[in-house]
Structure formats: structure tokens, C-alpha cells
Amino acid sequence: MLHDDNNSIKVAITSASVCGCYNEFTFSEPFTTYSVHITWGSTKWMLQKRYSEFHRLYKPLRKALAPSLWATSAKHKKTAPIVQTFLATPFPKKHLRIDTDAIRAERRVGLARFTEVLVALRWHLRAQDATTAIFELVNAFLEVPKHRQTHEARCLSPLPRMSRAGTELAVEDDSGDSDDDEGCAICLCEFASEDENDEAATSVTLPCKHAFHEHCVFSWLELHQSCPICRQLVVYQARA
């Protein structure tokens, strides 16, 4: 099981042997189809794939996710860990002989793990607005349900981009708009009053109306892209 920023990803695979198709002109040997059952949070769907389809995706995808590019590019910095996980995930080897029960069992385990990482990779590519061609390749293979994609677009597109130097973070005041009047939920300390003028205790309010100390929430957002309380997505641009 893998975890993305908000949900667990679980994949279970069953296999079935399919007899070869033949007519007076052509004949194909028996092959195996794999039913891939994916659970991602509250979303569930199933794929029907042959091993050859996984293999056709794996080879160009591995080549496209060049370690040198993803390790050095600032654009891909946040996506690099899941890319490294993908590159380190063993892929079931190809066999020239007809599938046996042992081969199917080996592939069910390997392809399930591969699919888990692939789902997580797809999410990170979309959330980070990374290389479009790679995202489209993975997205087409996974056949993610339309309602899930609509939900992602709704979550990602309207979010303000937040920066330490920007003005899109609202400074906490006494207007009562925030849900957190007592103190910072990260460090559990109270906010500074107007009379104290303590920069270290300055508070900011996220779009979801939860307030935190400025230094606490920016440290949090450098590691996570969601509110510490309600987990609403927040796109944060760290200051260079």
C-alpha cells in the first residue's frame, strides 16, 4: 500500500488465462489477462491489461524519467522522490515461454506494486504540473474515472499560489474570520497580541480560514501541500 498526500492507494490483481484466437488466416498462442482492481481513497475502478501492455508502458516511461534530469531540475524537485521510487521498483521480467502458474503469480505481485507506484506518480505529476507528455501517457494507461479527474481539477485549479514574499496570505486580525482564535495548532502556542508586536508570533490565515504562526505554517508547507487541520490542498511556492 502506498500513500499520496491525502489517500491510501491499494491494488489487487487477479489473472485469467485466455485461449488463443485463430481462424483460417491467423493464430495466436494462449495469453493471460490481468484484472487490476485499484482503490484510491473513496475511488475504485478496474483495468483489464495484458503483461505486454504494462511492458510497453514501462520501457518508454523509465527512459523518459531520466535520473539525471529529475535529480537536478528545480522544477521537478518535489516530484523527484516518487520518481526515484518508480525507478527503484522492480518490474516483472519478460518470459519467452507460455505463461505458467508460477509466472502469473510472480507477475500479479510485481504488477500490483508497479501499479501502486504508477498511481502515486500520476498524482504527483498532476499536482506539480510536471511534464505534460509523461502525465498524459500514465493517465491514459490508468484509465482514471472521469469523476476522479473532475475532482482533481476542481481541487487544483482554483488554489492561490502562496509565497512568503507574496501578499496572498491574509495576516491574522481580530475580525473573527478565522476559525483559530486561541493559538497555533502546529506549535500549540498562542498568537501574539497587537500590543506585543512579536514577529516570531505573527499569524497568517490559509484560504480555508485556519490560522497558524507564520514560521510554523511555512515550515509545514515546505513538506506538505495541505492545511494541517482540514487537509485542504494549498499550493505553496517556497522563496528561493
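Glu 143 is found in the loop that runs between helix 5 and helix 6 (146-156), and in this predicted model its phi is near 50 degrees, a positive value in a residue other than glycine. Glu 143 is partly exposed, at a relative accessible area of 43%, and it forms a salt bridge with Lys 49, in which the closest N and O atoms are 3.1 Å apart. Because Lys 49 belongs to strand 4 while Glu 143 sits in the loop between helix 5 and helix 6, this pair ties together parts that are 94 residues apart in sequence.

**Salt bridges**

- The structure holds four salt bridges, and in the one formed by Lys 49 and Glu 143, Lys 49 is buried, with a relative accessible area of 6%.
- Another of them joins Asp 99 to Arg 107, with 3.3 Å between the closest N and O atoms, and both Asp 99 and Arg 107 are buried.
- Glu 116 and Arg 113 also meet through their side chains in a salt bridge, at 3.7 Å from N to O; being three residues apart in helix 4, Glu 116 and Arg 113 are separated by about one helical turn.
- Within that pair, Glu 116 is buried at a relative accessible area of 8%, whereas Arg 113 counts as partly exposed at 34% relative accessibility.

**Strands 3 and 4**

- Strand 3 and strand 4 form a hairpin with two residues between them, and Gly 41 in the turn has a positive phi of about 65 degrees.
- The pairing of strand 3 with strand 4 is antiparallel and extends over eight bridges, including the one in which Gln 48 of strand 4 is the partner of Ser 35.

**Helix 1**

- Helix 1 has 14 residues and reaches 20 Å from its first C-alpha to its last, close to the 20 Å expected at 1.5 Å a residue.
- Its buried residues are Tyr 51, Phe 54, His 55, Leu 57, Tyr 58 and Leu 61, and because they fall within an arc of 170 degrees when seen down the axis of helix 1, they line one face of the helix.
- The face of helix 1 turned away from this buried side carries the exposed residues Arg 56, Lys 59 and Lys 63, while the cover over the buried residues of helix 1 includes strand 3, strand 4, helix 3, helix 4 and helix 5.

**Nonpolar cores**

- The largest nonpolar core has 38 residues, and those with the most contacts inside it are Leu 61, Phe 86, Leu 118, Leu 121 and Leu 142.
- Among the elements that each supply at least two residues of this core are strand 2 (8-18), helix 1 (51-64) and helix 3 (80-88), and helix 4 gives the most, with 11 residues.
- Leaving aside its neighbours within four places in sequence, Leu 61 is in contact with Phe 86, Leu 118, Leu 121, Ile 134, Leu 137 and Val 138.
- Apart from this core lies another, of 13 residues, among them Cys 184, Leu 206, Ala 211 and Phe 212.

- Lys 209, in the loop between strand 7 (203-205) and strand 8 (211-213), has a phi near 80 degrees, which is a positive value in a residue other than glycine.
- At 42% relative accessibility, Lys 209 counts as partly exposed.

Methods. Residues numbered from 1 in each chain as written. Predicted model: local features only at pLDDT ≥ 70, side-chain atom pairs only at ≥ 80, totals over all residues. Heavy atoms only, no water. Core = buried A, V, L, I, M, F, W, Y, C linked by side-chain atoms within 4.5 Å. Buried < 20%, exposed > 50% of the residue type's maximum accessible area, 1.4 Å probe, protein only. Helix = DSSP H or I, 4+ residues; strand = E, 2+ residues; numbered from the N terminus. Contact = heavy atoms within 4.5 Å. Expected span 1.5 Å × (residues − 1). Arc of directions from axis to C-beta. Pairing = 2+ DSSP bridges.
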